Amino acid sequence: MTRVVLILIFILNSLCYVHAQNFSGPDTVTIQSGALTLKGLFWRPSGNGQFPTVIFSHGNYGPADTLYNPLLQISLLGPVFAAKGYNYLGIFRRGVGLSRGQGQNSDDLMNHAFKEKGQEARNQIQLQQLETDQLQDMISGLRYLRKRKEVDTSRMAIVGHSFGGSLALIVAEQDPGIKAVVLFGAAGYSWDRSPQLRNRLIRAAENITVPIMIIHAENDYSTNPGYALDSMLTKDKKPHLLIIYPKFGRSSSEGHNLIFLSFATWEADVFRFLDQSLKRRFLK
């Protein structure tokens, strides 16, 4: 597909939600993460009271990304979740999107390490980022959410894509207030290249007790992380769900970005999982 066609898919994918008037947003919010001042976009359902809440953990993005960029992707997903009755926060982690200029972009750090010293150096930086700076930014986002009156703090979930899916597992391991985890293409690019990442994510999943949903398209860069995590969680009898959807698009990149390119593929499954995991009073 050409870049123009993909952009049209993005737009068409979101139109059915944009016209609905049962949610509000986005509001641009400010989140303090240590010395950094990060930005996020927040959507909420219409009406009063507290709602179940999702925080989105975006993937890795460099300054050259134009189509697959966090501002576009976070903006597309917000209405999908808010229209289904969920508060939704998409936080731009340090150096990315609306938080550019605040700290170092993890993609830049990993690319620099790879160019200077190769794959092993990139793997080390990736794991270091997942366990320190990137984790701190997500924990700061959760702290911010728990101060908002619209948030039902007993029903909070994290949804992560790609690098952000790896990060979502580590966040859920560290924060017992997270009640459900949804992973889209988590570690799809790096799993086969980094034994350190594989071991760390398996350890995180072993320490998580809440339900985990693992999603790949068949033509993701790799479906090995999904099958490996599924095997481990099945052995340990932990609540989880693995779905490998059929091939989507014409490339591994399009399969990896299924979350943004085809809401219709995953919407019913994901919201059924979230509704059940968060024990919503009124299932949609």
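Colleague: Why is the pair R146 and D175 called a salt bridge?

Modeller: The closest N and O atoms of R146 and D175 are 2.9 Å apart. A salt bridge needs a side-chain nitrogen of Lys or Arg within 4 Å of a carboxyl oxygen of Asp or Glu, so at 2.9 Å the pair qualifies. Keep in mind that this is a predicted model, where local features need pLDDT of at least 70 and side-chain atom pairs pLDDT 80 or more, while totals for chains, interfaces and linings use all residues. Numbering starts at 1 along each chain as its sequence is written, and side-chain values use heavy atoms, without hydrogens or water.

Colleague: What makes R146–D175 a tie between separate parts?

Modeller: R146 sits in the loop between helix 5 and strand 5, and D175 in the loop between helix 6 and strand 6, so the pair ties together parts 29 residues apart in sequence. Helices here are DSSP runs of H or I with at least four residues, strands are E runs of at least two, and both are numbered from the N terminus.

Colleague: Are R146 and D175 buried or exposed?

Modeller: The cut-offs are under 20% relative accessible area for buried, over 50% for exposed, and partly exposed in between, using a 1.4 Å probe and protein chains only. R146 has 31%, so it's partly exposed, whereas D175 has 9%, so it's buried.

Colleague: How do you know that E173 and R200 form a salt bridge?

Modeller: Their side chains meet at 2.6 Å, N to O, which falls within the limit. E173 is in helix 6 and R200 in helix 7, 27 residues apart. E173, at 17%, counts as buried, and so does R200, at 6%.

Colleague: And what makes K235 exposed?

Modeller: Its relative accessible area is 61%, so it clears the cut-off. D236, its salt-bridge partner at 3.1 Å, has 30% and counts as partly exposed. Elsewhere, salt bridges that share partners join R44, R148 and E150 into one network.

Colleague: Why is helix 2 called oblique to helix 11?

Modeller: The axes, lines fitted to C-alpha atoms over the stretch in contact, come within 12 Å and cross at roughly 50°, where angles run from 0 to 180 degrees between N-to-C directions. Under 35 degrees is roughly parallel, over 145 roughly antiparallel, 65 to 115 roughly perpendicular, and the rest oblique. That makes helix 2 oblique to helix 11.

Colleague: Which residues meet there?

Modeller: With contact meaning heavy atoms within 4.5 Å, L76, L77, V80 and F81 in helix 2 meet F263, W266, F271 and L274 in helix 11. The contact divides into eight nonpolar, no polar and no charged residues.

Notes
Nonpolar A, V, L, I, M, F, W, Y, C, P; charged D, E, K, R; others polar.
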